[in-house]
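Reader: I am new to reading protein models, and I would like to learn how to go through one feature by feature. Could you take me through the example below?

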Amino acid sequence: MNNLEASSRERLMTQVHDQYRDHVNAGYARLASLMNLPIESSGAGAHLFDSDGNSYLDAGGYGVFLLGHAYPDIVAEVSVQLHSHPMASKLLLNPFQARAAAALAAVCPGDLQYVYFCCAGTEATEAALKLACLNGCQHVVSMQGGYHGKTLGALAVTGNALYRNPFARLLKQSHFVPYGDSQALREQLQSLPERTCVILEPIQAEAGVIRPPAGYLRQVRDLCDEHDAVLILDEIQSGMGRTGRWWACDEENVVADIMLVGKSLSGGCVPVSAMVATPRMQEPLNRNPLLHTSTFGANPLAMAAVVATLRVMQRDALVQRAQRLGETLQYAFETLLRRRQWSSQIQLRCAGLLLGFEFSDASLAANMVMHLLAQRIVVNHSLNDHCVIRLTPSVMYGDSDVQWLLDGFATALAHTLSP
Ligand SMILES: Cc1ncc(COP(=O)(O)O)c(C=O)c1O
């Protein structure tokens with residue numbers, strides 16, 4: 001880099017930092033300075049690029065980039081939509097919404113067939129809680145460690161008190177039970193006299209990739225049936241092929257009454273999420289469609305992205321590819337941890353392309369994120385357990401990306417564990 005380039009880089013860095021400090025969030029600006037975070041400029045496939053043109057292997061993105069960045073077919077379809085009709089009137093029939101709803105319903109399990117599109121995962125949670133309410137539910141049972149978003153209703157069922165307590169006065173009562181403990185759920189349901197809904201993730205992602213014991217989801221389904229409770233499965237992070245199946249609940253052939261979808265639903269191109277309901281659940285909204293609406297929900301840009309994403313995933317068998325790549329990564333990481341005798345210090349948990357590495361304390365996990373960044377690898381920590389770093393790689397990884405990840409990981413771990 002010559003002097004001119006260095007000084008213009010310095011200027012850009014200062015400008016972005018100042019704008020963050022004064023207009024975005026001063027706390028985040030401080031953190032970014034501390035971590036010396038680069039400026040993100042673009043992405044393609046499995047890679048991110050910073051303002052200096054350096055490339056990074058993206059293994060983060062909070063689960064959004066299963067198809068990598070800017071997947072060409074999806075970008076092309078969204079571009080066509082952008083130039084023809086990016087926003088809908090909301091009064092006339094929206095053919096883009098109808099097409100996307102039918103395409104999503106076609107890959108959903110059982111009779112989950114009515115789709116309500118929104119923009120963020122937390123909005124899908126809100127829609128589901130409202131629909132459960134319209135179906136007569138007066139209580140919500142959710143799981144310790146669960147994560148469903150941060151708007152008020154979603155926050156009420158999110159298991160981490162750190163995010164919930166500052167708003168406790170405004171939140172409605174919900175009941176938390178330990179995740180994976182069907183007896184605790186049984187006792188909780190027995191104690192509630194009115195109709196109840198149960199919300200959980202089939203695999204808890206933000207809790208640090210926690211899988212429940214085998215058979216648990218089936219037991220939850222049976223308990224809900226026994227108590228006439230509504231079952232909401234949040235597949236926002238675990239769904240859309242991330243775990244090597246279309247939906248994590250497929251592993252136990254469990255069908256929810258309401259299912260939540262988000263993250264990679266648009267192939268990482270346009271924000272979109274969805275609530276999918278069975279005809280029985282949908283009845284109150286079929287009677288009065290105006291009970292829950294959103295101006296930007298089901299906008300044609302997002303709908304084009306959804307249709308293109310689902311088509312690409314089926315055409316290129318990306319769910320199967322996620323399963324194979326997940327197995328490859330699991331085997332390689334287990335071998336690495338064993339060979340370097342790190343297995344006693346790190347707990348690895350895998351579910352396809354959702355991987356969690358648990359450290360003995362949060363500062364080690366934070367150091368690991370920094371050391372990985374030095375290897376130009378981007379990962380995430382887990383919102384509900386800061387001891388766990390989480391990897392959500394893309395199915396677009398080639399052999400050289402896998403090697404990059406493994407080599408970078410080995411170097412970063414060596415620095416983290418023996419500084
Ligand atoms: C399982 C789950 N549900 C809901 C959400 C909330 O989604 P969003 O951040 O898009 O509102 C998340 C986000 O991480 C999630 O992992």
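Reader: Into which domains is the protein divided?

Author: Domain bounds come from an automatic or database domain assignment, and here that assignment gives domain 1 (21-70 + 317-417) and domain 2 (72-315). The C-alpha centres of the two domains lie 26 Å apart, and their contact, where contact means heavy atoms within 4.5 Å, takes 31 residues from domain 1 and 34 residues from domain 2. This is a predicted model, in which local features need pLDDT of at least 70 and side-chain atom pairs count only at pLDDT 80 or more, while totals for chains, interfaces and linings use all residues. Residues are numbered from 1 along each chain as its sequence is written, and side-chain values use heavy atoms, with hydrogens and water left out.

Reader: How should I read a sheet, and what is the order of the open sheet of 7 strands?

Author: Strands of a sheet pair through backbone hydrogen bonds, either parallel or antiparallel. Helices (H or I, at least four residues) and strands (E, at least two) are DSSP runs, numbered from the N terminus, and two strands pair if DSSP finds at least two bridges between them. In this model the order of the 7 strands is β4-β10-β9-β8-β7-β5-β6, and the pairing is mixed. Because β4 (114-118) and β6 (175-177), at the edges, each have a single partner strand, one side of each is left without a neighbour in the sheet.

Reader: How many bridges join β4 to β10?

Author: There are 5 bridges between β4 and strand β10 (residues 273-277), and these strands run antiparallel; Val 115, for instance, has Val 276 in β10 as its bridge partner. Helix α4 (residues 95-107) packs on the sheet and touches β4 and β10, its direction making about 120° with that of β4. For such values, axes are lines fitted to C-alpha atoms, for helices over the stretch in contact, and angles run from 0 to 180 degrees between N-to-C directions.

Reader: Which strands form the open sheet of 4 strands?

Author: That sheet has the order β1-β2-β3-β13, again with mixed pairing. Its edges are β1 (40-44) and β13 (377-378), each with a single partner strand, so one side of each is left without a neighbour in the sheet. Between β3 and β13, which run parallel, there are 2 bridges, and Leu 57 has Ile 377 in β13 as its bridge partner. Helix α14 lies across β2 (47-50), β3 and β13, and runs at about 90° to β3.

Reader: How do I describe two helices that pack together, and at what angle do α12 and α14 cross?

Author: The axes of helix α12 (residues 318-339) and helix α14 (residues 399-417) come within 11 Å and cross at roughly 30°. Therefore α12 is roughly parallel to α14, given that angles under 35 degrees count as roughly parallel, over 145 as roughly antiparallel, 65 to 115 as roughly perpendicular and the rest as oblique. A crossing is left-handed if the near helix is turned anticlockwise from the far one by less than a right angle, and right-handed if clockwise; the crossing of α12 and α14 is right-handed.

Reader: Which residues of α12 and α14 meet?

Author: Among them are Leu 325, Leu 329 and Phe 333 in α12, and Leu 405, Phe 409 and Leu 413 in α14. By class, the contact of α12 with α14 has 12 nonpolar, no polar and no charged residues, where Ala, Val, Leu, Ile, Met, Phe, Trp, Tyr, Cys and Pro count as nonpolar, Asp, Glu, Lys and Arg as charged, and the others, Gly among them, as polar.
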